[in-house]
Amino acid sequence: MATSPNSNGTSNGSAHTEGHVITISGMYENYFLDYASYVILERAVPAIEDGLKPVQRRILHAMYEKDDGRYHKVANIIGNTMQYHPHGDAAIGDALVNVGQKELLIDTQGNWGDFRTGDSAAASRYIEARLTKFALEVAFNPQTTDWTVSYDGRKREPVSLPMKFPLILAQGTDGIAVGLSTKMLPHNFIELIKASIDILHGKDVKIYPDFMTGGSIDVTDYQGGQRGGKVKVRAKIEKADKNLILIKELPYGVTTVSLAENISKAVEKGQIKIKKIDDNTAADVEIAIELLPGISPDVAIDALYAFTDCEVSISPNACIIVDNKPIFTNVENILRISTENTKDLLRQELEIKRKELEEKWLFSSLEKIFIENRVYHQIEECESWEEVIAVIYRELRKYVSTPSENPTDSDKRLKLFRELTDDDITRLTEIRIKRISKYNAFKADELIEKLIEELEETEHHLAHLTEYAVAYFQNLLDKYGKGRERKTTISGGFETIQITQVVANNAKLYADLKEGFVGMGLKKEGEFICDCSDIDDIIVFRKDGKMVVTRISDKTFVGKDIIHVDVWKKGDERTTYNMIYVDAKSGVSKAKRFNVTAITRDKEYDLTMGNPNSKSLYFSANPNGEAELVTITLSPSCPARIKIFDYGFADLEIKGRASQGNIVSKYPIKKVVMKEAGQSTIGAIKIWMDEVSGRMNTDERGKYLGEFDTGVLVVSLYNDGTYELNEFDLTRRYDVNTLLYIGKFDPEQIVNAVYFDGNKEWTMVKRFKIETSKVGEKYSYLSDHKNSKLLFASVKLNPRIEYSVKVKGKKLDGEVSLGEFMDVKGWKAVGNRLSDQKLLGVKELEETVGSSTVGSGQSEVSEPQKVKSDEKLHTGDTIDFDVKGQGKLF
């Protein structure tokens, strides 16, 4: 509205209308509130009475009007709904498809799209729909419906449907209004009904979301679906084999198309390494992800949860319209209100039924009296309608009594529950002669008796309304509960996935130690530190006793004179740093051991006493909490009597980084050197072997190897007839195509081998202990000939094998226990002959109990309880070879 200028020629900010002055701000305030109220009440937020938004309610009402048991074109349904909904056909069509895809109220026919893939429905002229039997039973009853006129005044529409079911919780909803929003997740049909029954019994209930897409849900912070709550939903991912994983169920609100695109983006960022992704969704969801060689499926699954929409977080916000006002509450309270509302609707239906039965009984009784006592004969001489009414009324008074007469118990007349009306008399005069002539008193008595029984039953239900409501819900469960079992698995809490532990190494860390630069772009001027990812944090220790943690980048200045740099893992309680530093102010040297489990990124921490010019004299990083022994040499000019002595870090407790440490010497220290590597002071570490990636790990992926302490060696056997001893290293990758066995080294462990000797062309058996001690070098225990080949290897106590050999054109089979076949000899021994030709095949049989001739060196590895028993790795697990000599891990 235009404003008029004042005497100065400027606008006065008001609008003039016939002497009224309406300020623009006032118009805005009123119009905005009106608009906001309209959007909240008429568009976005459902009502508590039926759990429907207006467009959904009008669609269902229009379908009920047209319902004849047959399917109707959706285009016709949309057109019929437009008589009640003052918005376009597109909005109605989208809402109709949305309700139809939930498969509860609408029975669909044709291509209605797929909520799993995100495919849209066909055009409305091609698809059809009708109300389900469930909808007809729970959502409609014109007698208990409150009505209002439609937007154009031509029709009447329901204010709310008489919904006798917690529909809002079964279907879920979301909407954005002006100043508020609502988001309620769908819940399980069966669980809602059972919870309603429990509420009627006075019990407290807890309900949790359930999604048609399945998956699993973490409800630890659900908080009843109210504001501030949160749930995490995960896809169901299965391992098909070591190179293929399958996504079988989706998180709520995620489609197969969007998920595949999301995974592709994560691959482009280097967060996940996969070879190919295929969407094979048909009747069931299936997204096949083929992994690159050497990529562990367990790590890949964790990465999918960490970096893609395979795990989504949803924040519910239970907002509902109650008494024309939006309120924020929880799902249990909504269910309680809905259950009480259902109970009240059942009461209304029973009272209506009682009234109808009473009317039927009254007229049947009057009809019986009218015909059997031939009252109709008394009106033959009447000359006016008023006289007819008066005569019939007079004659009936001989046989019936009304409440106004206050009849006594001795009164034999039939007692009516209400007064007689002219309409009652008129109905009697409308009885046809044909009915009077064929009137059957016996059938009339039967009908009256049946009506009395139904009345008594209805009165009983009203007197026991809670039990009746329970029976109603139980009937719904029995009729419609089949096939609606829970699809989403409830979890008490998902394990926390450390992103830095599952992200693929897509970068390399370099450092210029002298100049103080670290990053991924220092390949030319820096030295290689380790493989890393582009989201890792880097920890740096400097000569001046300072420490800093920073996010990796191409090039970052962290301070000169770096003495240690590595990838930092948050919450790492095993990596222990041993340090000796000198305090510049006092000249005292101190030693400390500490962890770095939490930091503020890019903040510089002083590990000394904080005095300027203090510096680090010795530093070591120990991934398993090792405590070494060092030799300390004091300055020759100092007055100390002992100028060279050993110092052990094992005597120090592991404390925080801010601890000052223990005094090592009050005299100047010339140098500190390591004398002897130490053992771990925090206990052995449990190690698993991922048989896909070939890496040992502490994340319980793969086969359990046992507990490893500092100095414990790992023995590995290979299919080329070699073995190797190594220190356990979580960063090393073993070639799973050649690895036969890996485990903790035991000097008493016996290796049993069957091999073909290329020199003699015989099949030999040998049993030996590993006697070499050099670490990192492979040793062959086969004869030195190019045709020699390993056929079978085992570290079990006494493996029994079945073998086959070809003799004179015939295949012969044999069995032998290797422990009984020969004694243990040296690892260089040739062994004993098993056959004078090469075997066709070797197969291990079950181990013979008590037949071992070796000592206690062979034993099973005791596995933690978290790992299933059928996944145990025995130190005696073996490999079967075919004639080509190919083996399989474990």
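The structure is a predicted model, in which local features require a pLDDT of at least 70 and side-chain atom pairs count only at pLDDT 80 or more, whereas totals for chains, interfaces and linings use all residues. Residues are numbered from 1 along each chain as its sequence is written, and side-chain values rest on heavy atoms, with hydrogens and water left out.

The chain contains 17 helices and 52 strands, these being DSSP runs numbered from the N terminus (helices, H or I, at least four residues; strands, E, at least two). Of its 890 residues, 48% count as buried, where buried denotes under 20% relative accessible area, exposed over 50%, and partly exposed the range in between (1.4 Å probe, protein chains only). Among contacts (heavy atoms within 4.5 Å) in the chain with a separation of 6 or more, 67% involve residues 24 or more positions apart.

An open sheet of four strands shows the order 28-25-26-31 with antiparallel pairing, two strands being paired if DSSP finds at least two bridges between them. Strand 28 (562-568) and strand 31 (605-606) stand at the edges with a single partner strand each, so one side of each lacks a neighbour in the sheet. Strand 25 (residues 537-542) pairs with strand 26 (residues 546-551) in the antiparallel sense over five bridges. Within this arrangement, Met547 of strand 26 is the bridge partner of Phe541.

Rings of Phe, Tyr and Trp (its six-membered ring) were paired if their centres lie within 6.5 Å, with planes under 30 degrees apart termed stacked, over 60 edge-to-face and the rest tilted. By this rule the count comes to 25 aromatic pairs. The rings of Tyr64 and Phe140 are stacked, because their centres are 4.3 Å apart and their planes lie at 5 degrees. This pair links distant parts of the chain, 76 residues apart: Tyr64 belongs to helix 2 (residues 54-66), and Phe140 to the loop between helix 5 (133-138) and strand 6 (146-149). Tyr64 is partly exposed at a relative accessible area of 30%, whereas Phe140 is buried at 9%. The rings of Phe541 and Tyr577 form a tilted pair, with centres 4.7 Å apart and planes at 50 degrees. Phe541 lies in strand 25 and Tyr577 in strand 29 (residues 576-582), so the pair ties together parts that are 36 residues apart in sequence. Phe541 is buried, with a relative accessible area of 1%, and Tyr577 is buried at 6%. One aromatic cluster is formed by Tyr723, Phe768, Tyr779, Tyr781 and Trp827.

Charged side chains were also found over rings, the criterion being NZ of Lys or CZ of Arg within 6 Å of the ring centre and within 35 degrees of the ring normal. The charged end of Arg234 sits over the ring of Tyr305, 4.3 Å from its centre, and that of Lys838 over the ring of Phe756, 5.6 Å from its centre.

Met764, in strand 45 (residues 762-769), is buried at 2% relative accessibility. The C-alpha atoms of Met764 and Asn832 are separated by 5.5 Å, although these residues are 68 residues apart along the chain. Beyond its neighbours within four places in sequence, Met764 contacts residues including Ala753, Tyr755, Val830 and Leu834.
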